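The following note sets out points for a colleague who is examining the coordinates. They run from overall dimensions to individual residues.

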Amino acid sequence: KTLGLIFDLDGVIVDTAKFHFLAWKKAAEEVGFELTEELNEKLKGVSRVDSLNKILEWAGATVSQEKFDEMAANKNADYLTYVDKMTADDILPGVESFIREAKAKGYPIALGSASKNAPRILKHVGIFDLFDTIADGNSVTKAKPDPEVFQVAAKALNVPYAQCVVFEDSEAGVEAANNTNMLSIGLGSKDVLIEADHVFGSFTEITLEFIETQATTNT
Ligand code: BG6
Ligand code: MG
């Protein structure tokens with residue numbers, strides 16, 4: 001039985017989570033709110049619009065639609081100044097070799113990201129061609145924890161949902177995978193990703209054999 005391997009981008013393939021945090025922190029300051037790393041966990045995997053809505057809610061602030069659009073655009077412009085300085089060195093340890101090994105074994109590979117900047121980032125760090133399909137913030141209308149982005153990816157790979165494995169660093173993303181019966185592999189802290197089927201600190205700790213065994217018991 002084949003397996004579909006679906007990778008989140010930010011925080012799984014590249015260490016952009018810290019850039020999103022810095023850019024949102026600056027946006028939050030504009031409405032007098034100090035964004036902490038702890039609250040930032042709630043923004044991981046969450047779309048741009050939903051993230052800004054959460055920040056405004058935490059700040060107890062209301063802004064006009066025009067101001068909202070301007071804040072979102074400024075945040076993205078800030079974020080892209082970090083992104084455009086990225087190189088292949090910003091690919092997180094172990095993930096590229098893991099994907100190459102899985103590809104060599106014939107497993108189809110998808111990206112499943114909320115980001116609208118996904119193709120730009122993948123091209124920038126030089127691994128765009130590793131993916132058989134890209135499902136991202138441009139392909140969906142419903143944001144994580146809705147599973148739409150992973151379902152779009154699975155359909156494009158032509159693999160049943162229950163035979164898909166999702167690699168995620170965010171609570172919202174793990175929830176999205178669980179919501180559609182995909183095996184969820186968390187990258188990060190066990191204390192944060194409590195809902196994930198398995199959690200690892202990094203791809204250097206994950207073997208393809210382990211994933212194959214776990215995925216077989218999931219179906
Ligand atoms: C997710 C990130 O991958 O993409 C979120 O974890 C981000 O922090 C979301 O808000 C949307 O990304 P972008 O690049 O379209 O603003
Ligand atoms: Mg992520």
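Helices are DSSP runs of H or I with at least four residues, numbered from the N terminus. Asparagine 178 has its place in one of them, helix H8. The model under review is predicted.

1. Overall form. The protein contains 9 helices and 6 strands. Its radius of gyration is 17 Å, which agrees with the value near 17 Å that a compact globule of 219 residues would have. Along the principal axes, the C-alpha atoms fill a box of roughly 50 × 30 × 30 Å.

2. Burial and contact range. Of the 219 residues, 39% are buried. Among contacts between residues at least 6 apart in sequence, 61% join residues at least 24 apart.

3. Nonpolar core. The largest nonpolar core has 58 residues. Ile6, Phe150, Ala153, Cys164, Val165 and Val166 have the most contacts inside this core. What does valine 166 touch, not counting residues up to four places away in sequence? Its contacts are Ile6, Gly112, Phe150, Ala177, Met182, Leu183, Ser184 and Ile185.

4. Helix H7. This helix spans residues 148-157, and its buried residues are Val149, Phe150, Gln151, Ala153, Ala154 and Leu157.

5. Helix H5. Val95, Ile99 and Ala102 are the buried residues given for H5, which covers residues 95-104. Viewed down the helix axis, the buried residues of H5 fall within an arc of 65 degrees, so they line one face. An α-helix has 3.6 residues a turn, so residues three or four places apart point the same way. The face of H5 turned away from the buried side carries the exposed residues Ser97, Glu101 and Ala104. Just after H5, glycine 106 has a positive phi of about 95 degrees.

6. Helix H6. In H6 (residues 118-125), Ala118, Ile121 and Leu122 are buried. These residues cover an arc of only 95 degrees around the axis, which puts them on the same side of H6. Their cover includes helix H4 (65-83) together with S2 and S3. Just after H6 comes glycine 126, with a positive phi of about 85 degrees.

7. Which residues come nearest to ligand 1? Of the 18 residues around the ligand, these are Asp10, Arg48, Ala114, Ser115 and Lys116. By class, the shell divides into 4 nonpolar, 10 polar and 4 charged residues.

8. Backbone geometry to check. Most residues other than glycine have a negative phi, and most peptide bonds are trans. The peptide bond between lysine 144 and proline 145 is cis, with omega about 15 degrees; proline 145 lies in the loop between S3 and H7. Asparagine 158, in the loop between H7 and S4, has a positive phi near 65 degrees. Asparagine 181, in the loop between H8 and strand S5 (183-187), has a positive phi of about 60 degrees although it is not a glycine.

9. Are asparagine 158 and asparagine 181 exposed or partly exposed? Asparagine 158 is exposed, with 11 other C-beta atoms within 10 Å. Asparagine 181 has 15 other C-beta atoms within 10 Å and is therefore partly exposed.

10. Asparagine 178 is partly exposed, since 18 other C-beta atoms lie within 10 Å, and burial requires 20 or more. Asparagine 178 touches Ser184 and Glu195, not counting residues up to four places away in sequence. The C-alpha atoms of asparagine 178 and aspartate 146 are separated by 9.9 Å, and the two residues are 32 apart along the chain. Tyrosine 82 belongs to helix H4 and counts as partly exposed, with 15 C-beta neighbours inside 10 Å. Between the C-alpha atoms of tyrosine 82 and lysine 18, 64 residues apart along the chain, the separation is 9.7 Å.

Notes:
Residues numbered from 1 in each chain as written. Chains lettered and ligands numbered in written order. Predicted model: local features only at pLDDT ≥ 70, side-chain atom pairs only at ≥ 80, totals over all residues. Near = placed C-beta within 6 Å. Nonpolar A, V, L, I, M, F, W, Y, C, P; charged D, E, K, R; others polar. Core = buried A, V, L, I, M, F, W, Y, C linked by C-beta atoms within 7 Å. Buried ≥ 20, exposed ≤ 12 C-beta atoms within 10 Å, placed from the backbone. Contact = placed C-beta atoms within 7 Å. Helix = DSSP H or I, 4+ residues; strand = E, 2+ residues; numbered from the N terminus. Arc of directions from axis to C-beta. Rg over C-alpha atoms; globule rule 2.2 N^0.38 Å.
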